[in-house]
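Here is a short briefing on one protein structure. Have the sequence and the 3D view open while you read.

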Amino acid sequence: MKTDDLHTLTGAYALDALGPDEHHAFTRHLDHCPSCAQEVREFAATAARLASAAATAAPPELKALVLERIDIVRQLPPRVPAPGRYAVLVTRLRRRGGVFVVAASLAAAAAFGAIALGQHDRAQLAERAGRSAQQDADRAGARGEALAAVLAAPDARTATARTASGARVTVVTSASRDRSVVLAAGLPPTPAGKTYQLWYSEHGSMRPAGLLGGGHALLLEGAVRDATAIGLTVEPAGGSARPTSSPLLVMALPV
């Protein structure tokens, strides 16, 4: 394998998606390539951060329920997305080789893992908690599937920009899905009682597109429609119907 080819495998290595021969070759390459080693560390940290953002804290009664039923209930496997979707992401990651496409693929992989764990925990509680727990799991699964569909779409396009503070914001848009995903890194914590909010810029006005939580990864709410850009502001906790502060960033959607 050529050295130039090895440089493109940092994202796949961070996802543990290389075959044995490639994994061995790339591991040896890391000993002599500081830039690849740095990229692997960054991608691994991104995956861990996004997984933590998507994870759901276990309810307090989970431990007691598990201990009560551990000897009488057969363990069920978690429901996970179709394996073919993961393979598609890794293939595109290699083909495109872009840093932010890699980050998007990491986000999808992290979301898959967190969704599976969340669904498994909820399944254990569904009998006692009733339908609401299963509905929460279904909604989380649907959001994860929609996010993955955007990132894996053949026509997915990416754009990136930085705020004045140096935070990096990336948007991935699929025209066929009519949806967008935003990933952000380096955003400082908001003041107490405040949150980051994203907006679609459409015909000169801002349309709410969702709140950016601690994980800094979000499937934007609603279709792209005629929007040409996204904006990022700091708003009161819970969000606003219209921006109440100057935007930290306005960036054109990728085409």
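Not counting residues within four places of it in sequence, T233 is in contact with T195, Y196, Q197, W199, P243, S245, S246 and P247. These contacts come from a predicted model, so T233 counts as buried on computed values, with a relative accessibility of 2%, where buried means under 20%.

**T233 and its strand**
- T233 lies in strand β7, which spans residues 229-236.
- The side chain of T233 makes a polar contact of 2.7 Å with the side chain of E235.
- Strand β7 is also where confidence in the protein chain is highest, at a mean pLDDT of 96.

**S174 in strand β2**
- S174 is found in strand β2, which covers residues 168-174.
- Is S174 buried or exposed? Its relative accessibility is 1%, so S174 counts as buried.
- Leaving out residues up to four places away in sequence, S174 touches V150, A153, D155, A156 and R179.
- One of these residues, D155, also has a side chain in polar contact with the side chain of S174, at 2.8 Å.
- S174 and V224 are 50 residues apart in sequence, and their C-alpha atoms are 9.0 Å apart in space.

**The four-stranded sheet**
- Strand β2 belongs to an open sheet of four strands, in the order β1-β2-β3-β6, and the pairing is antiparallel.
- Which strands form the edges of this sheet? They are β1 (157-162) and β6 (217-219), each of which pairs on one side only.
- From one strand to the next, the twist averages 15 degrees.
- Strands of a sheet pair through backbone hydrogen bonds, and the pairing can be parallel or antiparallel.
- Six bridges pair β1 with β2 in the antiparallel sense.
- R157 has T173 in β2 as its bridge partner.
- The hairpin of β1 and β2 has five residues between the strands, and in this hairpin G166 takes a positive phi near 100 degrees.
- At β6, three bridges join this strand to β3 (residues 179-185), and the two run antiparallel.
- V181 stands opposite L219 of β6.

**The two sides of helix α3**
- Helix α3 spans residues 20-30, and its buried residues include F26, H29 and L30.
- Why can the buried residues of α3 be said to line one face? Seen down the helix axis, they fall within an arc of 95 degrees, so they line one face of the helix.
- P20, D21, H24 and R28 are exposed, on the other side of α3.

**Confidence in the prediction**
- The protein chain has a mean pLDDT of 75, and 64% of its residues reach 70 or more.
- Which helix has the lowest confidence in the protein chain? It is helix α6 (residues 83-96), at a mean of 50.
- Over residues 93-100, pLDDT stays under 50, and the model has 19 contacts beyond four places in sequence for this stretch.
- Residues 114-119 also stay under 50 in pLDDT, and the model has twelve contacts beyond four places in sequence for them.
- Where pLDDT is low, the predicted coordinates should not be read in detail.

Methods
Residues numbered from 1 in each chain as written. Predicted model: local features only at pLDDT ≥ 70, side-chain atom pairs only at ≥ 80, totals over all residues. Heavy atoms only, no water. Pairing = 2+ DSSP bridges. Axes fitted to C-alpha atoms, helices over the stretch in contact; angles between N-to-C directions. Buried < 20%, exposed > 50% of the residue type's maximum accessible area, 1.4 Å probe, protein only. Arc of directions from axis to C-beta. pLDDT = per-residue confidence, 0-100. Contact = heavy atoms within 4.5 Å. Polar contact = N/O pair within 3.5 Å; in protein donor to acceptor, adjacent residues only side chain to side chain.
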